[in-house]
Amino acid sequence: MFFRRALAFLPLIAAGPALVAAHDARQETSSAAASAPASASGSAAASGITSGAATLATTYTFSLLSSNPTAIPLSSINAAAATESTIPLPSTATPGATATFLSPPTDSDEVKAWIQEVADTGIEIPFINANMEGGCPSNLDAAKNESNCWWTCGGCTRDTDVVSCPDKYTWGLTYDDGPSYYTPNLLKYLDEQQIKSTFFVVGSRVISFPATLQEEYMSGHQVAVHTWSHPYLTTLTNEEIIAELGWTRKAIKDVIGVTPNMMRPPYGDIDDRVRAISIAMGMTPVMWTRISEYATFDTGDFDIHAGTSTVQDVLQNWQNILGNASEIDTGFIVLEHDLFQQTVDVATGYILPDALAHKNPDFTIEPVISCLNKPLSDAYIETNDNSSNPPVVSESAAVTLSSGAPGSAQATGGSESDGDDNGAAGLRTSVALTAVLAIAGGFVTGLSMLGL
Ligand SMILES: [Zn+2]
């Protein structure tokens with residue numbers, strides 16, 4: 001209601017970022033939103049249309065029910081965007097620092113212990129060769145071998161994967177690749193709107209932004225694992241996969257005091273080998289919804305920063321996602337990121353306001369653990385209720401990876417687009433974090449905002 005009221009006032013505003021934002025948002029919708037409440041601003045927008053933007057109206061058909069009055073204008077969310085000021089939080093990261101992070105070595109005492117931990121579970125890790133870099137074209141035999149259930153080439157999933165929310169019109173909100181400089185901007189908006197999300201965090205960034213991770217956790221968001229250095233997991237050895245997941249798990253535990261039991265593979269790159277290792281380490285894989293080769297619930301927001309997608313592309317993807325969401329019997333999970341200012345700007349300025357304005361039916365927007373109808377405490381090993389939420393392999397030593405037809409789809413769609421009471425766990429930060437910083441320092445050569 002707030003946003004509709006705000007939009008109604010927009011024509012009275014002489015100028016300013018909010019008006020520009022609404023103009024940009026509406027001019028692309030002028031053909032489709034004639035009967036929508038926001039159309040009042042559509043007519044106002046006409047006076048502000050620029051010739052360049054007017055061309056877009058013939059290209060895009062997305063229609064937003066609402067946008068944030070303080071949204072960054074669409075014309076400013078692109079690869080050439082000027083750097084915005086961020087909301088400061090204490091951080092060990094240095095703005096402007098660029099470097100790389102490396103995959104952890106596998107011969108440390110910590111990784112050796114985690115390798116033994118995996119072996120001790122008795123879970124059989126399928127013998128599947130590590131893939132070459134380059135995805136499906138570079139690994140044609142593996143791509144054709146459906147028995148490996150390699151998601152990247154065909155979208156294969158298993159019953160042990162979380163791929164959607166069970167209840168229709170429920171959105172399991174996820175953001176990947178943080179914490180970042182821009183995460184606080186997102187957290188502020190989520191807090192204002194009283195929305196909770198799942199954050200799939202990169203371990204090397206957890207030790208750069210520990211306060212941001214603590215803010216996520218203490219605000220009641222779900223924290224989950226997204227590897228240490230964001231590799232294609234199927235290209236790694238078993239030991240390297242264990243190191244990637246293990247160090248991230250440890251960094252999170254050291255910062256917020258609890259250990260996540262969900263993970264998302266970077267790029268969705270998972271096969272039965274990666275699945276088995278993840279499950280043996282106590283982490284359930286969480287994907288994003290995919291209902292056909294051409295209907296994957298990926299906003300494509302990551303590509304604005306690189307200039308390979310426009311924000312209009314992203315909003316068109318979002319519209320396609322909404323259309324597909326209405327077609328399936330379940331809820332859905334969407335891929336978005338909190339790494340770049342552009343991804344946060346489009347989320348807080350457009351996608352989330354549009355989703356919040358969605359009526360008849362309303363969307364239920366909540367973390368993945370909540371959309372699975374489980375308490376937030378079940379998202380962490382230390383606070384999980386094993387009697388009501390048994391780990392996926394508690395029944396037997398052998399992991400079950402038997403069902404889920406390759407490329408199985410729930411419906412068809414048209415998208416073309418390619419993460420309570422837990423406060424009681426407390427924060428045990430300084431000593432443990434110092435330890436992980438010291439240990440991890442050997443394979444963190446700097447702070448990077450350039451990685452995926
Ligand atoms: Zn990622």
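Gly172 stands opposite Glu366 in β10. Residues are numbered from 1 along each chain as its sequence is written. This is a predicted model, in which local features need pLDDT of at least 70, side-chain atom pairs count only at pLDDT 80 or more, and totals for chains, interfaces and linings use all residues.

So much for conventions. The chain has 17 helices and 10 strands. Of its 452 residues, 51% are buried. Buried means that 20 or more other C-beta atoms lie within 10 Å of the residue's own; exposed means 12 or fewer, partly exposed is in between, and the C-beta atoms are placed from the backbone.

Back to that pairing. Strand β1, residues 170-172, pairs with β10 in the parallel sense over 3 bridges. Two strands pair if DSSP finds at least two bridges between them. The open sheet here is formed by 3 strands in the order β9-β1-β10, with parallel pairing. β9 (332-333) and β10 (364-366) are at the edges with a single partner strand each, so one side of each has no neighbour in the sheet. As background, strands of a sheet pair through backbone hydrogen bonds, either parallel or antiparallel.

Strand β2, residues 174-176, pairs with β3 in the parallel sense over 3 bridges, and Tyr175 stands opposite Phe199 in β3. Between β2 and β3 the chain passes through helix α8, residues 183-193, and this β-α-β crossover is right-handed. Right-handed means that, with the strands pointing away from the viewer, the path from the first strand over the helix to the second runs clockwise.

On its other pairing, β3 is joined to strand β4, residues 222-225, by 4 bridges, and the two run parallel. Thr198 stands opposite Gln222 in β4, and the bridge partner of Phe199 in β4 is Val223.

Which way do the residues of β3 point? From β3, residues 198-201, Thr198 and Phe200 point one way and Phe199 and Val201 the other, and all are buried. In β4, Gln222 and Ala224 point one way while Val223 and Val225 point the other, and again all are buried. In a regular strand the side chains alternate between the two faces of the sheet.

Helix α14, residues 311-327, has 17 residues and reaches 25 Å from its first C-alpha to its last, close to the 24 Å expected at 1.5 Å a residue. The expected span is 1.5 Å times one less than the number of residues. In α14, 14 of the 17 residues are buried, so the helix is largely enclosed by the rest of the structure. Helix α5, residues 109-120, has 12 residues and reaches 16 Å, close to the 16 Å expected. Just after α5, Gly122 takes a positive phi of about 75°.

Now the backbone exceptions. Most residues other than glycine have a negative phi, and most peptide bonds are trans. Cys149, in the loop between α7 (140-144) and β1, has a positive phi near 50°. Cys149 counts as buried because it has 26 C-beta neighbours inside 10 Å. Thr227, in the loop between β4 and α11 (238-256), has a positive phi of about 75°. With 25 C-beta neighbours inside 10 Å, Thr227 also counts as buried.

Where are the cis bonds? One joins Gly178 and Pro179, with omega about 0°; Pro179 is in the loop between β2 and α8. Another runs from Asn360 to Pro361, with omega near 5°, and Pro361 is in the loop between α15 (341-356) and β10.

Last, confidence. The chain averages a pLDDT of 80, and 71% of the residues score at least 70; pLDDT is the predictor's confidence in each residue, from 0 to 100. Over residues 395-435 pLDDT stays under 50, and the model has 103 contacts there beyond four places in sequence. Over residues 444-452 pLDDT is also below 50, with 26 contacts beyond near neighbours in sequence. A contact means that the C-beta atoms of two residues, placed from the backbone, lie within 7 Å. Where pLDDT is low, the predicted coordinates should not be read in detail.
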